[in-house]
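Here's a quick briefing to read with the model open beside you. Take the topics in any order you like.

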Amino acid sequence: MNQEPFLTAQNVSHLFGEQQKVLANLSFGLPAGGFTALVGPSGVGKSTLVRLLAGLLRPSSGQIQYANNQPPSIGLMFQKDNLMPWRTAYENVRLPLEIQGVAEGVADTAVRQMLDLVGLNDFAQSYPAQLSGGMAQRVALARALVHRPSLLLLDEPFGALDALTRERMGQELLRIWAALPVTVFMVTHSIQEAVLLADEVMVMGGQPATIVARIQIALPRPRRIEMIGSKQFQECAGAVRLAIEEKVIG
Ligand SMILES: Nc1ncnc2c1ncn2[C@@H]1O[C@H](COP(=O)(O)OP(=O)(O)O)[C@@H](O)[C@H]1O
Ligand SMILES: [Mg+2]
């Protein structure tokens, strides 16, 4: 993995209104091509940070800088798939390219490649109501990636899926990430998911919130679900849990 930071947050703080300080002096880097996970309790400010990184919000103070000083192209995915029910899977994935005015032939190739990458070739003409929850999230992932963003922001993307589908989607995400040059930042409630997928797990806590711990996950890749039983995995998950207990709850 390339260790050059793709994105650097420096003393980023955010207030809603005049009074409500949500984030205080966050400083961290995201390595180019890396996979960083963020865990923390509900309401702590994780989605606010995602919106800041996406450029949907401007920090009240501090800076978010990118490697080439240019805002990157960004893919976003949330817990809710937000698919348009009247559009097929194919048409949903094509939407960002339509908005960008990409030529039809170019868009068609890009959409087909992305549906292929997420394993949905056979469901291109299906409507969201005809898809399982996991398949709908694959469509949402394909839509987030179809314009080949350099930064993929995931806000609890698998939070509404059942446990088995969620595990499978995590593995799929790793496969897709390995196939693309994309830096991933993922919010999750699950310590296990964070440790299994990420190179580094950041723990957010406090009011206003800061990054209270950053835990490097040195597990080898490719990551497999069976690794959850290994001593090394348990040590990493234990370190994340300890940070939450001591610095967030305690
Ligand atoms: N647009 C907003 N206006 C005012 N307060 C907000 C807004 N968005 C989020 N908040 C508040 O900021 C805090 C952090 O919210 P959020 O970032 O969604 O947390 P998380 O994603 O960790 O659950 C919460 O107290 C929430 O009520
Ligand atoms: Mg949130």
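How do the residues of the shell around ligand 1 divide into nonpolar, polar and charged? They split into three nonpolar, seven polar and one charged, where Ala, Val, Leu, Ile, Met, Phe, Trp, Tyr, Cys and Pro count as nonpolar, Asp, Glu, Lys and Arg as charged, and the others, Gly among them, as polar.

This is a predicted model, so local features need pLDDT of at least 70 and side-chain atom pairs count only at pLDDT 80 or more, while totals for chains, interfaces and linings use all residues. Residues are numbered from 1 along each chain as its sequence is written, and chains are lettered from A and ligands numbered from 1 in the order in which they are written.

**Around ligand 1**
- The shell is made up of Phe16, Gln20, Val22, Gly40, Ser42, Gly43, Val44, Gly45, Lys46, Ser47 and Thr48; a residue gets in if its C-beta atom, placed from the backbone, lies within 6 Å of the ligand.
- Strand S2 (20-31) and helix H1 (46-53) each put at least two residues into this shell, and H1 gives the most, with three.
- Helices (H or I, at least four residues) and strands (E, at least two) are DSSP runs, numbered from the N terminus.

**Helix H1**
- Lys46, Leu49, Val50, Leu52 and Leu53 are the buried residues of H1; buried means 20 or more other C-beta atoms within 10 Å of a residue's own, exposed means 12 or fewer, and partly exposed is in between, with C-beta atoms placed from the backbone.
- They sit on the same side of H1, because they cover an arc of only 160° around the axis, taken from the directions from the helix axis to the C-beta atoms.
- Just after H1, Gly55 takes a positive phi of about 80°.

**The largest nonpolar core**
- This core has 70 residues, and Ala142, Val201 and Val240 touch the most other members; a core is a set of buried Ala, Val, Leu, Ile, Met, Phe, Trp, Tyr and Cys residues joined through C-beta atoms within 7 Å.
- Helix H4 (residues 133-145) gives the most to it, with seven residues.
- Not counting residues up to four places away in sequence, Val201 touches Ala37, Val39, Ala194, Val195, Ile215, Ile217 and Val240; contact means C-beta atoms, placed from the backbone, within 7 Å.

**Leu131**
- Leu131 is found in the loop between helix H3 (104-117) and H4.
- Leu131 counts as partly exposed because 18 other C-beta atoms lie within 10 Å.
- Leu131 and Ala89 are 42 residues apart in sequence and 9.0 Å apart in space, C-alpha to C-alpha.

**Whole chain**
- The chain has seven helices and nine strands, and 38% of its 250 residues count as buried.

Technical notes: Two residues are in contact if their C-beta atoms, placed from the backbone, lie within 7 Å.
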